[in-house]
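Here are my notes on this model, point by point. Please read them with the structure open.

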Amino acid sequence: MPELPEVDALVTFLRPRIVGDFVTRTDIGELSILKTADPPLEALNGLEITGVSRVGKSLIVAFDGLELVCRFARAGWLVWHELVPTGPVRMGKGPLALRLHLASGAGFDISEAGTKKNAAASLVADRSEVPAIANAGPDALSIDAAEFTATLAGSTARIKTVLEDQSLISGIGNAYSDEILHTAQLSPFATANGVDAPSLLDTIREVLGHAREALIDLPPAKVKAAKKRGFRVHGRTGKTCPVCGSTIAEVSYSDKSLQYCPGCQTGGRKLSDRRMDRLLK
């Protein structure tokens with residue numbers, strides 16, 4: 001799932017290319033991506049793009065009086081076209097969910113791989129009409145130490161759960177929470193109110209900041225691969241930790257998994273993985 005660093009990379013890439021351009025046509029390839037009906041997507045035709053920004057993990061394209069809020073979910077992404085294809089779009093065929101044609105001849109798609117279609121596009125007069133935006137907590141790169149400390153002090157949840165809760169802190173997902181906790185040498189199962197909040201906030205800024213720097217000048221087609229190359233634990237189950245040499249372990253859930261280093265994060269102990277424990281009985 002695209003998180004803060006990747007979406008910031010999209011913003012930086014798109015802003016000089018599309019601000020000031022005009023929408024000439026909109027195509028829908030997957031009807032489920034549209035979460036709003038009024039105004040219709042066709043209302044964008046003829047409008048000038050006035051801005052591109054990010055809130056949490058959402059990309060927002062602004063027009064005169066309207067905003068298109070794009071949320072990528074797990075398998076969604078943006079595909080950039082220097083010259084956008086002009087042929088008809090066949091609904092329900094392939095990953096293409098939404099396409100914007102621009103007067104310059106360029107354009108972009110919101111695509112989503114796989115059969116589960118959870119990416120979302122909302123066309124609204126104000127971004128706060130989108131619940132994910134209205135309920136978003138402070139940005140992970142701008143939350144201050146006092147607020148972050150209060151957030152952790154008030155929670156008995158696992159620290160990984162808190163970091164991924166977009167209503168508490170926005171912008172961090174499964175991948176970067178794994179990386180942050182590894183760098184901070186914290187167990188993902190540690191209780192939030194027992195964590196040294198100022199130290200963890202410094203680590204959040206460090207990990208996300210370095211990730212942004214690595215991705216910020218890349219075109220969308222290269223961002224995902226570059227993101228994976230930067231990981232030390234996430235998605236690297238069974239491989240060697242580059243810090244201590246331990247074998248990276250995993251805890252699996254029904255719809256996702258987390259990775260961690262027992263040597264760096266849990267004093268050499270492996271965390272209980274109930275799904276795998278049942279399989280091994």
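1. E1 and strand E6 (residues 96-102) pair in the antiparallel sense over five bridges. Two strands count as paired if DSSP finds at least two bridges between them. Strands (E, at least two residues) and helices (H or I, at least four) are DSSP runs, numbered from the N terminus.

2. A word on the source. This is a predicted model, in which local features need pLDDT of at least 70 and side-chain atom pairs count only at pLDDT 80 or more, while totals for chains, interfaces and linings use all residues. Residues are numbered from 1 along each chain as its sequence is written, and side-chain values use heavy atoms, with hydrogens and water left out.

3. Now the whole sheet. It is open, with four strands in the order E1-E6-E7-E5 and antiparallel pairing. Strand E1 (23-28) and strand E5 (76-81) are the edges, each pairing on one side only. Neighbouring strands are turned by 15 degrees against each other on average, direction ignored. Axes are lines fitted to C-alpha atoms, for helices over the stretch in contact, and angles run from 0 to 180 degrees between N-to-C directions.

4. Helix H1 (residues 4-18) lies across E5, E6 and strand E7 (107-112). H1 runs at about 25 degrees to E5. Contact means heavy atoms within 4.5 Å.

5. How do H5 and H6 cross? The axes of helix H5 (residues 174-184) and helix H6 (residues 197-215) come within 9 Å and cross at roughly 125 degrees. That makes H5 oblique to H6; angles under 35 degrees count as roughly parallel, over 145 as roughly antiparallel, 65 to 115 as roughly perpendicular and the rest as oblique. Residues making the contact include Tyr 176 and Ile 180 of H5, and Leu 200 and Ile 204 of H6.

6. H5 is largely enclosed by the rest of the structure, because nine of its 11 residues are buried. Buried means under 20% relative accessible area, exposed over 50%, partly exposed in between (1.4 Å probe, protein chains only). Among the buried residues of H5 are Asn 174, Asp 178 and His 182. The buried residues pack against H1, helix H4 (159-164), H6, helix H7 (220-229), strand E10 (257-260) and helix H8 (262-265). After H5 comes Gln 185, with a positive phi near 60 degrees.

7. Last, the cysteines. The disulfide count is zero, taking a disulfide as a pair of cysteine sulfur atoms within 2.5 Å. Cys 264 is in no disulfide; its nearest cysteine sulfur, that of Cys 241, is 3.7 Å away. Cys 264 counts as buried at 11% relative accessibility. Cys 70 also counts as buried, at 1%.
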